[in-house]
Amino acid sequence: STPEVAMEEQAVRVTAPSGFCRRISARVFLQRSALAVVVAHPWGPLGGSMWDITVRQVVGTFASAGCTTARFNFRSGFGRGYQSIEDVVLVSRYLLDEVPESLRPKKILVVGYSYGSIAAGAAVSELPECIGFALIAPPIDVAGPLYFWNHRALLQRIQVPIRNPSIPKFFLLGDRDQFCTVQSFNDFVEEVAEPKSAQLLPGVDHFMIFRSVSHQLTEWVRRDFGVANIKELNDIIEGQAAAASEEADNGGR
């Protein structure tokens, strides 16, 4: 079941500088949180949207731990992937730069499911504030047609993020996934820069992975960030931000 949290999401339109469509439809849950989570959805032409149950599971997991969250609809599911990457970056920058300063997060995590996992992971190189990312059920075996045969370039951006290669990276797959074999998954993860972790779920397919997402993401944060839970990670980032702000104030005197 989706983690219980009394969420009052705001519907927002994030402006894009180019493209046929110049508005990204998003829903944002703002909290007084140093950490925000941006979540990317499955392939739109097959019905994927920010209302997908896996997306909502991710949002609920982090929102219930006190984090700001954002989910959004990609402007398109067709193309070589660069507009979808831009969508992830623009929604992230909206949180980091445009929300009221008292609610503005300092760091972000990026999570993507299915089609959205590849766009989300590839966007991380353009987000220096990103401290980690998680890819749920990446459709590696069909990434060629999904991304108009530009998939290798995108997957390489995930394997070695240019700007922040040392952040924790998490990969989750069911061993009965219809769009990625266990062999393809293992081959891909093997080439990912450390630090990384991966989890194979026995008996789980692409569409039922939502049942495991909350637990797996919570365990990822606990294990790979060395904290007791997501809230503690948020508190640590808040403390670091406060210390940096105080140091800057003292330096300016």
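Which backbone oxygen lies 2.6 Å from a polar atom of the side chain of S117? In this predicted model, local features need pLDDT of at least 70 and side-chain atom pairs count only at pLDDT 80 or more, whereas totals for chains, interfaces and linings use all residues. Residues are numbered from 1 along each chain as its sequence is written, and side-chain values use heavy atoms, with hydrogens and water left out.

The oxygen in question belongs to the backbone of S114; a polar contact is a pair of N or O atoms within 3.5 Å, where, within protein, one must be able to donate a hydrogen and the other to accept it, and where residues adjacent in sequence count only if both atoms are side-chain atoms. S117 itself has its place in helix α3, helices being DSSP runs of H or I with at least four residues and strands runs of E with at least two, numbered from the N terminus. With 0% relative accessibility, S117 counts as buried, a term that means under 20% relative accessible area, while exposed means over 50% and partly exposed lies in between (1.4 Å probe, protein chains only). When residues up to four places away in sequence are not counted, S117 touches G112, L135, I136, A137, P138, P139 and I158, contact meaning heavy atoms within 4.5 Å.

A search of the whole structure finds 8 aromatic pairs, in which rings of Phe, Tyr and Trp (its six-membered ring) have centres within 6.5 Å, and planes under 30 degrees apart count as stacked, over 60 as edge-to-face and the rest as tilted. One of them joins F72 and F74 in an edge-to-face arrangement, with 5.1 Å from centre to centre and 85 degrees between the planes, and both F72 and F74 are buried. The pair of Y115 and Y147 is stacked, because the ring centres are 4.7 Å apart and the planes stand at 5 degrees. Since Y115 lies in helix α3 (residues 115–123) and Y147 in the loop between α4 (143–146) and α5 (151–159), this pair ties together parts that are 32 residues apart in sequence. Y115 counts as buried at 1% relative accessibility, and Y147 counts as buried at 0%. Ring pairs link F72, F74, Y115 and Y147 into a cluster.

Elsewhere, strand β7 (residues 169–174) pairs with strand β8 (residues 196–201) in the parallel sense over 6 bridges, pairing requiring that DSSP find at least two bridges between two strands. Within this pairing, F170 stands opposite S197 in β8.
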